[in-house]
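Trainee: I've got a new model open and would like to talk it through. Can we go step by step?

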Amino acid sequence: MLNERPFQKLPGSRASVFAELDRPALAPLPVNRYELARFKTVKVHVDYHVEIDGHRYSVPHSLVGQTLEARLTVRGVELLLRGSRVAAHARAGRRGGFTTVDGHMPAAHRAHRDWSPARLIDWGKRVGVSTGEVVGRMLNEHKHPEHGYRAALGLLSLAKRCGTERLEAACQLALSLGAHRYQHVREVLANNRDRIAPPADAADGTSPAHANLRGPGYYQ
């Protein structure tokens with residue numbers, strides 16, 4: 001064999017040099033196979049989650065507003081702040097879903113010092129009764145109200161583009177149709193459906209009191 005053939009100008013052969021120099025330096029193969037990773041920059045939103053491929057992963061709530069580096073593999077998500085890992089999750093493929101570690105959550109329903117469910121609901125009520133109702137329902141549909149913060153803030157930001165009167169009318173129409181998601185209200189505004197006069201017997205957009213609905217007093 002070629003490996004056993006003696007060198008012409010040096011002592012030994014390929015096989016003997018390998019046994020003498022290379023084999024002692026070899027280490028066992030890693031237990032886990034190497035995984036290719038890609039990196040991307042992500043922002044920690046007010047709900048202390050980052051969004052990756054449509055799914056949201058939590059980080060410690062003290063990092064709200066920070067920019068992190070995400071290391072992504074087929075199986076996992078690592079979140080790094082200046083090279084140090086601050087969170088790690090199994091990769092999830094469900095768009096619109098949440099992966100939340102309880103230890104990342106603030107206590108007593110506080111997203112951070114500046115935001116709370118009660119404050120968001122009160123802000124919505126300043127636009128109008130229907131807008132406050134939509135915000136409350138957004139927060140109420142989640143086990144953790146903080147998961148609805150981004151949608152609620154997105155809804156309230158529509159007032160800057162369309163005005164408070166149009167936003168209130170769009171929320172009233174959405175509620176009358178049994179809808180309360182951000183995309184529902186946005187589509188009403190985009191299609192100018194809020195400008196169409198409602199029927200005389202249309203509901204006023206408010207919901208009756210119910211034991212399962214949480215109002216702003218619940219979060220005090």
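Predicted model: local features only at pLDDT ≥ 70, side-chain atom pairs only at ≥ 80, totals over all residues.

Trainee: Fine. How many helices and strands does the protein have, and in what pattern?

Mentor: Counting those runs gives six helices and seven strands. Reading along the sequence then puts them in order, as α-β-β-β-β-β-β-β-α-α-α-α-α.

Trainee: What percentage of the residues is buried?

Mentor: Buried here means under 20% relative accessible area. Apply that cut-off to the 220 residues of the protein, and the buried share is 37%.

Trainee: Now the largest pocket. Which helix supplies the largest share of its lining?

Mentor: The pocket has a volume of about 410 Å³, and 18 residues line it. Two helices each supply at least two of the lining residues, namely helix 4 (149–162) and helix 6 (182–190). The largest share is three residues, and it comes from helix 4.

Trainee: And which residues of that lining lie nearest the pocket's centre?

Mentor: By class, the lining has four nonpolar, eight polar and six charged residues. Nearest the centre are Arg56, Ala151, Arg181, Tyr182 and Gln183.

Trainee: Let's do helix 5. What does its buried side pack against?

Mentor: Helix 5 covers residues 164–176, and its 13 residues reach 18 Å from first C-alpha to last, close to the 18 Å expected at 1.5 Å a residue. Its buried residues are Arg166, Leu167, Glu168, Ala170, Cys171, Ala174 and Leu175. Those residues pack against helix 2 (117–127), helix 3 (129–140), helix 4 and helix 6.

Trainee: Which residue just after helix 5 takes a positive phi?

Mentor: Step just past the end of the helix and look at the backbone there. The phi in question is about 80°, and the residue is Gly178.

Trainee: One more: is Arg85 buried or exposed?

Mentor: Arg85 lies in strand 6 (residues 84–90). The cut-off for exposed is over 50% relative accessible area. Arg85 has 55% relative accessibility, so Arg85 counts as exposed.

Trainee: Then which residues is Arg85 in contact with, leaving aside neighbours within four places in sequence?

Mentor: Contact means heavy atoms within 4.5 Å. With those neighbours left aside, the partners of Arg85 are Glu78, Leu79 and Leu80.

Trainee: And how far is the C-alpha of Arg85 from that of Glu69?

Mentor: Arg85 and Glu69 are 16 residues apart along the chain.

Note on methods:
Residues numbered from 1 in each chain as written. Heavy atoms only, no water. Helix = DSSP H or I, 4+ residues; strand = E, 2+ residues; numbered from the N terminus. Buried < 20%, exposed > 50% of the residue type's maximum accessible area, 1.4 Å probe, protein only. 1 Å grid on protein atoms, 1.4 Å probe; cavity = no way out; pocket = protein on both sides within 12 Å on 5 of 7 lines; lining within 4 Å. Points joined across faces, edges and corners; volume = space filled by probe spheres on them. Nonpolar A, V, L, I, M, F, W, Y, C, P; charged D, E, K, R; others polar. Expected span 1.5 Å × (residues − 1).
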